[in-house]
2 protein chains.
Amino acid sequence: MEESLKAVYKLDFPPLARIVEHVLKQKGKRIRPALALLTAKLYKYDSDSLIPMATGVELLHTATLVHDDTIDDSFVRRGIPTVNSLWNGSTAVLVGDYLFAKAAELVSTTGNVRVIRLFAQALMTICNGELSQSFNTYNWRQTRQHYYARIGSKTAALFSLATESGAVLSGAPEPAVQAAKSYGNNLGMAFQIVDDVLDFTGEEEELGKPVGNDLLHGVLTLPTILFIEKHPEDNTLESIFGDKDKRQNLTRAIELICDSPAIEDSYKIADEFCALARQTLEDLPPNESCRSLVDLTHYVVERKK
Amino acid sequence: MEESLKAVYKLDFPPLARIVEHVLKQKGKRIRPALALLTAKLYKYDSDSLIPMATGVELLHTATLVHDDTIDDSFVRRGIPTVNSLWNGSTAVLVGDYLFAKAAELVSTTGNVRVIRLFAQALMTICNGELSQSFNTYNWRQTRQHYYARIGSKTAALFSLATESGAVLSGAPEPAVQAAKSYGNNLGMAFQIVDDVLDFTGEEEELGKPVGNDLLHGVLTLPTILFIEKHPEDNTLESIFGDKDKRQNLTRAIELICDSPAIEDSYKIADEFCALARQTLEDLPPNESCRSLVDLTHYVVERKK
């Protein structure tokens, strides 16, 4: 798959080639394409359709990151400068669009209309989730149900696209396709919850981005929502952020949340999603790939970045 | 097709529904979906796949406009405020992404892998064209060949997607598919040249956007390039725009170009592309649809908006 990704930036138009190479050279965790590959390996897989699908899933993820960074005006991602900071926001919008298109083109080479449609639907769902997030910044009345719906769209949809399409492309029987989809969804929920916790507890150097980024932008994630649930009458956070000097108040807000049970409780909820994910694996062939999928459910909660 | 477009903004998420309705309610010329429909009607067409394809083509076009307006920071499009001006740039990026995804989803319902792949490739080509335009702003050394390559990617690629996919979906024989594609490409070239001329000669009220918008943003189009070709030693335009006060100088630059033969020469070139388009139609069935396609070659050069 790395070869397949490298082929993406061998382009006729040198300025675009340079930017796409910049975006792809700093590897992420590659967890989404790994999910497509592992799920397909539960059954009889065909590399010719599987590699483009896995690459397409990673590119779709990368495209959403390029647009997210533009929207948030972020300077650093995965420890390197973002496209919007090195070039500009306009270029980043177009490069993200190009990556969406390239992802769709790769997925179309599978020749499988079902996964192509799943791909398009996943992108619609992701946009819905991102818009919902953007329309709810500084909305202190959000419940954890709102949060679950949002991360279900924003993150878990792409995880379940990876696992569902892996299963479809390997000719898995329909109940197994549904189990794979459900596994991806639950793993994605756990992954995002831990991501949101790490935004409070992580080290900037390991994360490759600033700590407290979500709260700074008014994005309420699970630790914040659990903290607010415990202090319904006295919303310290809201009053902190009523003030203009957000950066200074951010440090206080992070300390408050980190010293509360909200972090541990968030991890407990992530564990519950992982347990659900493992449960769905019981309906799938117990081969080596299946064991790797079990390992992933432990990795997503234990990771430090 | 209008019903099919209306269905696009019947969405579960009300804020997104409102924005998508705003974007789609102000009808454009609908020339791209018309091309898909007319080309398909040359042969035996199936509405079930044709309507989603035509709607997908229009949505793809709309998505690129939403992103273009964000990139250019434009306030008005088709006579109404843009998404980036009514909401904000971030929302516009996500709404554009959503429209791309919805377009891809509609095209995937055709079940035809060839047109799905053409769709993805057209979007890649469009992004290339837009990036090339953005990397060449204020580049006074551009030739008309650069310009043709750019509008070929930026505009003609979508016109030829419409006609090629219309032909493919109606089961046209391969030479007819190629003729339809070539027709779309030539018509698209003529269309964009006239668009670029109208940016100099049009009325703001009819255009639904400000006059001189391209030059103001440093985008060199055919009239400008032809003007520069005639004045190789004395680039008045370059010196005009060397100055900071662009808006005032813009009026002078527009007058210079409008009073030169560049406008008439641009129209002549557009006519040549239209003649090429008509020539390709000679290889297609001479029915009513074909006559409408001929009419379109006259319309694109005669239009005032």
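Predicted model: local features only at pLDDT ≥ 70, side-chain atom pairs only at ≥ 80, totals over all residues.
Let me start with the overall fold, using chain A. Its secondary structure comes to 16 helices and two strands. Along the principal axes, the C-alpha atoms fill a box of roughly 55 × 50 × 30 Å. Buried residues make up 50% of the 305 residues in chain A. Now contacts. Take pairs in chain A at least 6 apart in sequence: 73% of those contacts join residues at least 24 apart.

Next, how the chains relate. A rotation of 180 degrees superposes chain B on chain A, with 0.0 Å of shift along the axis and an RMSD of 0.0 Å. That is the relation of a two-fold axis.

Now the interface. How many residues does chain B bring to it? There are 33 residues of chain B in contact with 33 residues of chain A. On the chain B side, four helices each supply at least two residues: helix 2 (14–25), helix 4 (47–72), helix 6 (89–108) and helix 7 (113–135). Helix 7 of chain B gives the largest share, 14 residues. By class, this side of chain B has 18 nonpolar, ten polar and five charged residues. And which surface does each copy use? Of the interface residues of chain B, 100% are also interface residues in chain A, so the copies meet through the same surface.

Let me zoom in on two residues that touch the other chain. Start with B:Ala101. This residue lies in helix 6 of chain B. Is B:Ala101 buried or exposed? It has 25 C-beta neighbours inside 10 Å, so it counts as buried. The cut-off for buried is 20 or more. Leave aside its neighbours within four places in sequence, and B:Ala101 is in contact with A:Ala120, A:Leu123, A:Met124 and A:Cys127. One distance for scale: the C-alpha atoms of B:Ala101 and B:Ser85 are 23 Å apart, at a separation of 16 residues along the chain.

The second residue is A:Ser132, in helix 7 (residues 113–135) of chain A. A:Ser132 has 18 other C-beta atoms within 10 Å, so it is partly exposed. Again leaving out neighbours within four places in sequence, its contacts are A:Arg150, A:Ser153 and B:Phe13. A:Ser132 and A:Ile151 are 19 residues apart along the chain, and their C-alpha atoms are separated by 9.8 Å.

On to two helices, and how each one splits into sides. First, helix 16 of chain A, residues 288–302. At 1.5 Å a residue, its 15 residues should span 21 Å; the end C-alpha atoms are 21 Å apart, which agrees. Which residues of helix 16 of chain A are buried? They are A:Leu293, A:Leu296, A:Thr297 and A:Val300. These cover an arc of only 100 degrees around the axis, so they sit on the same side of helix 16 of chain A. On the other side, A:Glu288, A:Arg291, A:Asp295, A:His298 and A:Glu302 are exposed. What do the buried residues pack against? Helix 3 (31–40), helix 9 (174–201) and helix 15 (262–281) of chain A.

The buried residues here are B:Ala262, B:Ser266, B:Ala270, B:Phe273, B:Cys274, B:Ala277 and B:Thr280. Their arc is only 115 degrees around the axis, which puts them on the same side of helix 15 of chain B. The face turned away carries the exposed residues B:Glu264, B:Lys268 and B:Ala275.

Last item: a backbone detail. Most residues other than glycine have a negative phi. A:Asp73 has a phi near 60 degrees, a positive value in a residue other than glycine. Where is A:Asp73? In the loop between helix 4 (47–72) and strand 1 (76–77) of chain A. With 13 C-beta neighbours inside 10 Å, A:Asp73 counts as partly exposed. In chain B, phi of B:Asp73 is near 60 degrees. B:Asp73 is placed in the loop between helix 4 and strand 1 (76–77) of chain B. B:Asp73 has 13 C-beta neighbours inside 10 Å, so it counts as partly exposed.

That's my tour.

How values were computed:
Residues numbered from 1 in each chain as written. Chains lettered and ligands numbered in written order. Contact = placed C-beta atoms within 7 Å. Nonpolar A, V, L, I, M, F, W, Y, C, P; charged D, E, K, R; others polar. Least-squares fit on C-alpha atoms with pLDDT ≥ 70 in both. Buried ≥ 20, exposed ≤ 12 C-beta atoms within 10 Å, placed from the backbone. Expected span 1.5 Å × (residues − 1). Arc of directions from axis to C-beta.
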